[in-house]
Amino acid sequence: MMASQHHPSYPHAPVDWSAEAAEKLAREEHLELAEDHWEELAALQEYYARHERVNLRELSDALEERFHARGGKKYLFSLFPGGPIAQGCRLAGLDMPRGAVDQGFGSIV
């Protein structure tokens, strides 16, 4: 399946990604995906599609800006307790950027 064949809400999704797979993984991680979760997954996919190299700090800043009106990073951590970037990337079918997970302390972003 080509990325352009995905649901219109996820035009930047990886070729092998599906919303059903994301839902299954979310259930395994004890999350129930709601509209705001899906919005962040789409934002992550869009960011990755627009950037050849993903920089953790820039991605974090982009998410902070996009969700600022709802509380920014604090709000995103309420959605994704495993980290809005670390857990979000897993569910969005994306490779986590280097530094997104600190094995000694868990998800840092």
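Start on the outward side of helix α3, where R57 and E65 are exposed. The model on screen is a predicted one.

**Stop 1: helix α3**

Select residues 56-66, the span of α3. Which residues of this helix are buried? They are L56, L59, S60 and L63. Looking down the axis of α3, these buried residues fall within an arc of 100 degrees, so they line one face of the helix. An α-helix has 3.6 residues a turn, so residues three or four places apart point the same way. R57 and E65 sit on the other side of α3.

Now show what the buried residues of α3 pack against: α2, residues 35-50, and α4, residues 72-79.

**Stop 2: helix α4**

Move to α4 and select G72, Y75, L76 and L79, which are buried. Around the axis they cover an arc of only 100 degrees, which puts them on the same side of α4. For the other side of α4, select K74 and S78; both are exposed. What covers the buried residues of α4? The cover includes α2 and α3, and α4 in turn is one of the elements against which the buried residues of α3 pack.

**Stop 3: Y48 in helix α2**

Next select Y48, which lies in α2. Is Y48 buried or exposed? Its relative accessible area is 17%, and the cut-off for buried is under 20%, so Y48 counts as buried.

Display the contacts of Y48, leaving aside neighbours within four places in sequence: V54, L59, C89, L94, D95, M96 and P97. Among them, L59 is one of the buried residues of α3 from the first stop. D95 can be checked with a distance label: from Y48 to D95 the C-alpha atoms are 9.4 Å apart in space, while the two residues are 47 residues apart in sequence.

**Stop 4: Q87 in helix α5**

Finish in α5, residues 86-92, by selecting Q87. Q87 counts as buried because its relative accessibility is 4%. Which residues does Q87 touch, not counting those up to four places away in sequence? The list is E29, L31, F80, P81 and G82.

Key: Residues are numbered from 1 along each chain as its sequence is written. This is a predicted model: local features need pLDDT of at least 70, side-chain atom pairs count only at pLDDT 80 or more; totals for chains, interfaces and linings use all residues. Side-chain values use heavy atoms; hydrogens and water are left out. Buried means under 20% relative accessible area, exposed over 50%, partly exposed in between (1.4 Å probe, protein chains only). Helices (H or I, at least four residues) and strands (E, at least two) are DSSP runs, numbered from the N terminus. The arc is that of the directions from the helix axis to the C-beta atoms. Contact means heavy atoms within 4.5 Å.
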